[in-house]
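Me: Hi! I'd like to walk through this structure with you. Could you start with a term I'll need?

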Amino acid sequence: MLAITPLDGLPLLKEGDDLAGLIVERAKKLGVGIRNRDVLVVGQKAVSKTEGRIVDIDNIRPSARAARIAKKTGKRPEFVEIVLRESKVLRADGEAFIVTTRTGATCLNGGIDKSNVKGDSMYALLPQDPDRSARLLSGRIRKLTRKQVGIVICDTRSRPFRRGQIEECIGIAGLSPLVDYRGKKDLFGYTLRFKNVALADELASAAELVMGQGREASPVAIVRGLKRVRFQKRASSRNLGVSNEEDLFRGTL
């Protein structure tokens, strides 16, 4: 049976905290524990905080380019500057500030925001290498528990043509991010040609149902009992992206 359990009661995190150790300890105290083939979904903010990816924009000196973009977008030049340092601009105007991050993801504001970060001028950057962060968490948990687990690091993203936001995978370790049905038969014997399920994104969104976005203080959830997961040593969140040639929606926005 599929179960998704939030790890409530984790402490407020700070740079240098042993996130994996705190997860293992809390799971034990809650009576959930860590089992083989669990998938742990971890919110990006938890990872960024422990990796010291928190910035006080009052200490940032904006460039001339940041000042120009700030006038177009209505955002603080200091905020624009940290976005520019972390990403490549695709669109910057009064309606949206859309960029491509270092890892190739397209999103608003470079994934930088201040929700659940204390201090008016404090902002959380994305982890420098989310896949590496996921691998480190997986390895540390395996060392502490001798269990094989998958890790999905998630972040909130907006979607073209849809209201609201969902969680998406930005970092992964220990499992394939996709379940490929292409070439397989459906119920009536037809060969599937296009079905390639973004399992890591679905795990991220499913976990958000118990993790929440506000005062819930549950930045980690354990997904247990999912049969479709293919565990593997090598995994990359970049496999969830598409090339320009594959992108059917490019040019329609």
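Predicted model: local features only at pLDDT ≥ 70, side-chain atom pairs only at ≥ 80, totals over all residues.

Me: Got it. Which strand or helix gives the most to the lining of the second largest pocket?

Reply: That's E8, with five residues. H2, strand E6 (106–108), E8, E9 and helix H6 (199–211) each supply at least two residues of that lining.

Me: And what volume does the second largest pocket have?

Reply: About 1100 Å³. It is lined by 41 residues, and Lys 45, Lys 49, Ser 115, Asn 116 and Val 117 are the closest to its centre.

Me: How does the lining divide into nonpolar, polar and charged?

Reply: There are 16 nonpolar, 13 polar and 12 charged residues in the lining of this pocket.

Me: Switching topic: how many residues are in the largest nonpolar core?

Reply: It has 25 residues, and those with the most contacts inside it include Leu 19, Ile 34 and Leu 40. Among the elements that each supply at least two residues of this core are helix H1 (19–29), helix H5 (130–145) and strand E8 (150–158). H1 gives the most, with five residues.

Me: What does Leu 40 touch?

Reply: Leaving out residues up to four places away in sequence, its contacts include Ile 23, Ile 34, Ile 141, Ile 151 and Ile 222.

Me: What lies apart from that core?

Reply: Another core, of 20 residues, with Val 41, Cys 169, Ala 204 and Ala 207 among them.

Note on methods. Residues numbered from 1 in each chain as written. Heavy atoms only, no water. Core = buried A, V, L, I, M, F, W, Y, C linked by side-chain atoms within 4.5 Å. Buried < 20%, exposed > 50% of the residue type's maximum accessible area, 1.4 Å probe, protein only. Helix = DSSP H or I, 4+ residues; strand = E, 2+ residues; numbered from the N terminus. Contact = heavy atoms within 4.5 Å. 1 Å grid on protein atoms, 1.4 Å probe; cavity = no way out; pocket = protein on both sides within 12 Å on 5 of 7 lines; lining within 4 Å. Points joined across faces, edges and corners; volume = space filled by probe spheres on them. Nonpolar A, V, L, I, M, F, W, Y, C, P; charged D, E, K, R; others polar.
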